[in-house]
Amino acid sequence: MVDGGGVPLQLETQEIGASEASETMESVVDPESGSRRSVNRAFWQRFIDHVQFDHSDQLPARHSGDNWVRIPLSKPLGWITGFRSTGAKAEVGLFLTFRDEDG
């Protein structure tokens, strides 16, 4: 693009993270999905903000997919995944993943 005098225009860009870009594009294409993702993120953010661990070296939970969080654990354990189903049978659950043979 050029201005009226033929001088090229510079476009300003704003860098955003890949997940933020994906959420933004998704909300434009499917507003209901974008709203659902926001509700899910708020639910898990409350969990992240309030969960307390007994071990001082425990890493905090962090957002992962659309409706789940991951809590990393030391070997031989792997991680705990917290998930929430909002379908016909609404559930919240946790499962533990082990690493290697020791797990």
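This tour moves from the sheet to the helix packed on it, then to the core and the salt bridges.

The model is predicted: local features need pLDDT of at least 70, side-chain atom pairs count only at pLDDT 80 or more, and totals for chains, interfaces and linings use all residues. Residues are numbered from 1 along each chain as its sequence is written, and side-chain values use heavy atoms, with hydrogens and water left out.

**The sheet**

Begin by selecting the four strands of the open sheet, which has the order β1-β2-β3-β4 and antiparallel pairing. Strands here are DSSP E runs of at least two residues, and helices are H or I runs of at least four, numbered from the N terminus; two strands pair if DSSP finds at least two bridges between them. At the edges are β1 (62-63) and β4, each of which pairs on one side only.

Next, display β2 with β3 (residues 77-85); five bridges join these antiparallel strands. Four residues connect β2 to β3 in a hairpin, and isoleucine 71 has isoleucine 80 of β3 as its bridge partner.

Continue to β4 (residues 91-98), which pairs with β3 in the antiparallel sense over eight bridges. This hairpin has five residues between its strands. Select tryptophan 79 to find its bridge partner, threonine 97 in β4, and arginine 84 to find valine 92 opposite.

**Helix and core**

Now select the five residues of the largest nonpolar core: Trp44, Ile48, Ala61, Val69 and Ile71. Such a core is a set of buried Ala, Val, Leu, Ile, Met, Phe, Trp, Tyr and Cys residues joined through side-chain atoms within 4.5 Å. Buried denotes under 20% relative accessible area, exposed over 50%, and partly exposed in between (1.4 Å probe, protein chains only). The elements giving two or more residues to this core are α2 (31-50) and β2 (68-72).

Centre the view on valine 69, whose contacts (heavy atoms within 4.5 Å) include Trp44, Phe47, Ile48 and Ile80, leaving aside residues up to four places away in sequence.

**Salt bridges**

Finally, locate the three salt bridges found in the whole structure; each places a side-chain nitrogen of Lys or Arg within 4 Å of a carboxyl oxygen of Asp or Glu. Arginine 36 pairs with aspartate 66, their closest N and O atoms being 2.9 Å apart. Because arginine 36 lies in α2 and aspartate 66 in the loop between β1 and β2, the pair ties together parts that are 30 residues apart in sequence. Arginine 37 also forms a salt bridge with aspartate 66, at 3.9 Å, and Arg36, Arg37 and Asp66 are linked in a network. Glutamate 91 and lysine 89 form another salt bridge, at 3.9 Å.
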